[in-house]
Amino acid sequence: MARYYDVHPENPQPRVIAQVADLIRGGGLIAYPTDSCYALGCQLGNRDGLDRIREIRRLDDRHHFTLVCRDFAQLGQFVQVSNSVFRLVKASTPGSYTFILPATREVPRRMLHPKKRTVGVRVPRHTVTQALLAELGEPLVSSTLALPGEDEPMTQGWEIKDRLDHLLDAVVDAGDCGKEPTTVVDLSGPEPEILRRGAGDPTRFE
């Protein structure tokens, strides 16, 4: 059974955030809120966590996992950013965007797109997510909590707990955080390519 953490959306309780971070460090898989819907998250390097996310979402090896980072400086440790891309990404963070970029050697091979050697990165605006990232001191490996065959992601923590209780180690509930996933932009090629239109305004990349 998954542990259930009821967290204040604007003033997350430090003791609860510390407990969730410890669970993640111990190999746990969580569902947590972001500024663009709930996501599944585990620690960087958690092979079992990656496999469990793939199983829950029925993902193939071409899926881009996302490193959810605390800030732009942390993001820069895990992806290669040219000067032109730097300006684009910097102007759009924090926010509801996921960027696909060439990965550095800091990223485990199992997370990379098998042919492109790219990975997704984002900096969220959500207060609870930011508190958790600050406590962890490293990015969260994440994937949108969208179940196979369903048109919309789940938006309520209690519903996630009810349906995925046996598949997760914890659910962090900070209330409704919306149901629109991030806008995904591939910046690994010569021109930006919008792979998914979502919560972030895509016009600056068109």
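Helices (H or I, at least four residues) and strands (E, at least two) are taken here as DSSP runs, numbered from the N terminus. Over residues 14-200 the chain is 29% helix and 23% strand, with its end C-alpha atoms 29 Å apart. This is a predicted model, in which local features need pLDDT of at least 70 and side-chain atom pairs count only at pLDDT 80 or more, while totals for chains, interfaces and linings use all residues. Residues are numbered from 1 along each chain as its sequence is written, and side-chain values use heavy atoms, with hydrogens and water left out.

**Helices H1 and H5**
- The axes of helix H1 (residues 14-25) and helix H5 (residues 127-136), as lines fitted to C-alpha atoms over the stretch in contact, come within 9 Å and cross at roughly 60°.
- That angle makes H1 oblique to H5, a class left over once angles under 35 degrees (roughly parallel), over 145 (roughly antiparallel) and 65 to 115 (roughly perpendicular) are set aside.
- In contact, meaning heavy atoms within 4.5 Å, Ile-17, Ala-18, Val-20, Ala-21, Ile-24 and Arg-25 of H1 meet Val-128, Ala-131, Leu-132, Glu-135 and Leu-136 of H5.
- The residues of this contact of H1 with H5 comprise nine nonpolar, no polar and two charged.

**Thr-183**
- Thr-183, which lies in strand E9 (residues 183-186), counts as buried because its relative accessibility is 0%, the cut-off being under 20% relative accessible area with a 1.4 Å probe and protein chains only.
- Beyond residues up to four places away in sequence, Thr-183 touches several others, including Ser-96, Tyr-97, Thr-98, Ile-194 and Pro-202.
- Thr-183 and Phe-99 are 84 residues apart in sequence, and their C-alpha atoms are 8.5 Å apart in space.

Definitions and conventions: Axes are lines fitted to C-alpha atoms, for helices over the stretch in contact, and angles run from 0 to 180 degrees between N-to-C directions. Ala, Val, Leu, Ile, Met, Phe, Trp, Tyr, Cys and Pro count as nonpolar, Asp, Glu, Lys and Arg as charged, and the others, Gly among them, as polar. Buried means under 20% relative accessible area, exposed over 50%, partly exposed in between (1.4 Å probe, protein chains only).
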